[in-house]
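Hello! Here is the structure I promised to pass on to you. Have a look at it first, and then read my notes below.

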Amino acid sequence: MLLQHATWIEAEAYLKRSTGIIMPIGSTEQHGPNGLIGTDALCAEVIARGVGEAADAFVGPTIGVGMAVHHMGFAGSMTVRPSTLIQIIHDYVLSLAHHGFRRFFFLNGHGGNIATINAAFYEVYAAAEGVLGKAGVDEPLRCKLVNWWDSPQVGALSRDLFGADEGSHATASEVAVTQWAFPDTIKQAVLDPPRAPSGRFHGPSDFRRRYPDGRIGSNPGLASPEKGKRLYDAAVPDLAQFYRDFVAGE
Ligand code: NI
């Protein structure tokens, strides 16, 4: 269930049986000529809802704008600085910890967030030790980061469906998931070359110079709603098991 669709009475009842919550986190940034600017946030949110249903767990509000400085060369992209994102994660987690939530399962849709999320977890732990203290009395606060593509079934399926055309930004898989979840938003675009170049980048202008249409190594022209449904169906059971193991673990 979405936290935002629950009442406080339901939240209080939930906390009597679980202290776990799924926290979707993504990004709002360009995803090439046929990928939605919201791709990373939308994928994280849609998959988190499925995992929440499968694991009978609450799903918190999506952190929809992430660390995407390198995408700012393209219209519509938004970013928060790493320091801002750390504060957002800190405040989201500590708000919920105040009520008794203790296991925070961050379901991430954007590779650019990973370093900052891990840094934020240590800010949270530092604060939680001070606020909650009393080691051994209270259940310890734990955070975990999982990217939706960490699902082994997703990895196998995306290799099967797209091979080397999967790429690393504006991937065929993530575009497919949004095409399935939001069929009214499917875009048609010429992708030239069909598979974008691969490589590294530095800041926003360097990114745009190397990857003029925004993609890295991908051919999202191979995406389809049907493939997106298969990827979603592959992701949910794996990630639900990751969640259950995390909540039950030390
Ligand atoms: Ni993405």
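**The nickel site**

The nickel ion is held at 1.9 to 2.8 Å by these protein donors: His31 (NE2), Asp40 (OD), Glu174 (OE) and Glu174 (OE). Donors here are N, O and S atoms within 2.8 Å of the metal (3.2 Å for Na, K and Ca), and water is not among the atoms, so sites may look incomplete. Please keep in mind that this is a predicted model, in which local features need pLDDT of at least 70 and side-chain atom pairs count only at pLDDT 80 or more, while totals for chains, interfaces and linings use all residues. Residues are numbered from 1 along each chain as its sequence is written, and side-chain values use heavy atoms, with hydrogens and water left out.

What arrangement do the 4 donor atoms make around the nickel ion? It is irregular, because their angles run from 50 to 132 degrees. (Four donors are tetrahedral if all angles lie between 85 and 135 degrees; four are square planar and six octahedral if opposite donors are over 155 degrees apart and all others between 65 and 115; anything else is irregular.)

Along the sequence, the donor residues follow the spacing H-x8-D-x133-E. His31, in the loop between strand 1 (20-25) and helix 2 (39-55), and Glu174, in helix 6, are 143 residues apart, so the pair links distant parts of the chain. Helices (H or I, at least four residues) and strands (E, at least two) are DSSP runs, numbered from the N terminus.

**Backbone details to look up**

Most residues other than glycine have a negative phi, and most peptide bonds are trans. Ala170, in the loop between helix 5 (152-162) and helix 6, has a positive phi near 55 degrees. Ala170 is buried, at a relative accessible area of 0%. The peptide bond from Asp192 to Pro193 is cis, with omega near -5 degrees, and Pro193 sits in the loop between helix 6 and helix 7 (204-210).

Enjoy exploring!

Technical notes
Buried means under 20% relative accessible area, exposed over 50%, partly exposed in between (1.4 Å probe, protein chains only).
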